[in-house]
Amino acid sequence: MSADLTRNQALVMKTLSGAEAPLSAYTILDRLRGDGLRAPLQVYRALEKLTELGLVHRLESLNAFVACAHPNCHEQELIAFAICEACGKVEEFSDDVVKDRLDGWTRSHGFRPAKTTIEIRGNCSGCAGKA
């Protein structure tokens with residue numbers, strides 16, 4: 001963890017790093033009330049900076065956050081997430097074949113993407129085996 005993080009950023013990062021599933025900003029706030037965080041804005045500011053630093057990802061479909069699983073993932077142009085709807089586990093990955101296909105489509109259609117988020121929802125191997 002970076003020594004340049006503020007106290008609030010470090011608290012939020014520690015909370016996300018110890019979580020077994022994605023957390024909403026309000027869940028993070030609830031977990032950190034005992035540490036002096038009282039306002040949602042404190043959590044949102046910390047999350048914004050942590051996301052900017054590439055330490056945290058926002059899962060769009062869940063409106064929740066996860067700690068980055070790969071220290072250099074921000075160097076990848078495409079990051080994808082597999083989200084288990086049963087246990088909440090999130091796997092972060094990058095795939096060059098998918099990236100190349102999307103790059104080809106955007107080039108051929110003259111489309112300029114500002115952001116690409118891929119989220120696959122379903123059941124992880126552990127939960128799929130229980131069904």
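On the surface, Y26, L41 and Y44 make up a nonpolar patch whose accessible area together is about 320 Å². Areas follow the Shrake-Rupley method with a 1.4 Å probe, and for residues only the protein chains shown count as cover. L41 belongs to helix 3, residues 40-52; helices (H or I, at least four residues) and strands (E, at least two) are DSSP runs numbered from the N terminus. At 48% relative accessible area L41 is partly exposed, a class between buried (under 20%) and exposed (over 50%).

This is a predicted model, in which local features need pLDDT of at least 70 and side-chain atom pairs 80 or more, while totals for chains, interfaces and linings use all residues. Residues are numbered from 1 along each chain as its sequence is written, and side-chain values use heavy atoms, without hydrogens and water.

Inside, the largest nonpolar core has 18 residues, with V12, L16, I28, L37, V43, L47 and V56 having the most contacts within it. A core is a set of buried Ala, Val, Leu, Ile, Met, Phe, Trp, Tyr and Cys residues joined through side-chain atoms within 4.5 Å. Helix 1 (7-17), helix 2 (25-32), helix 3 and strand 2 (64-67) each contribute at least two of its residues. A second, separate core of five residues includes L59, I79, F81 and I83.

Definitions and conventions: Patch = residues over 30% accessible without salt bridge, like charges linked within 9 Å, V, L, I, M, F, W, Y side chains within 5 Å. Salt bridge = Lys/Arg side-chain N within 4 Å of Asp/Glu carboxyl O. Buried < 20%, exposed > 50% of the residue type's maximum accessible area, 1.4 Å probe, protein only.
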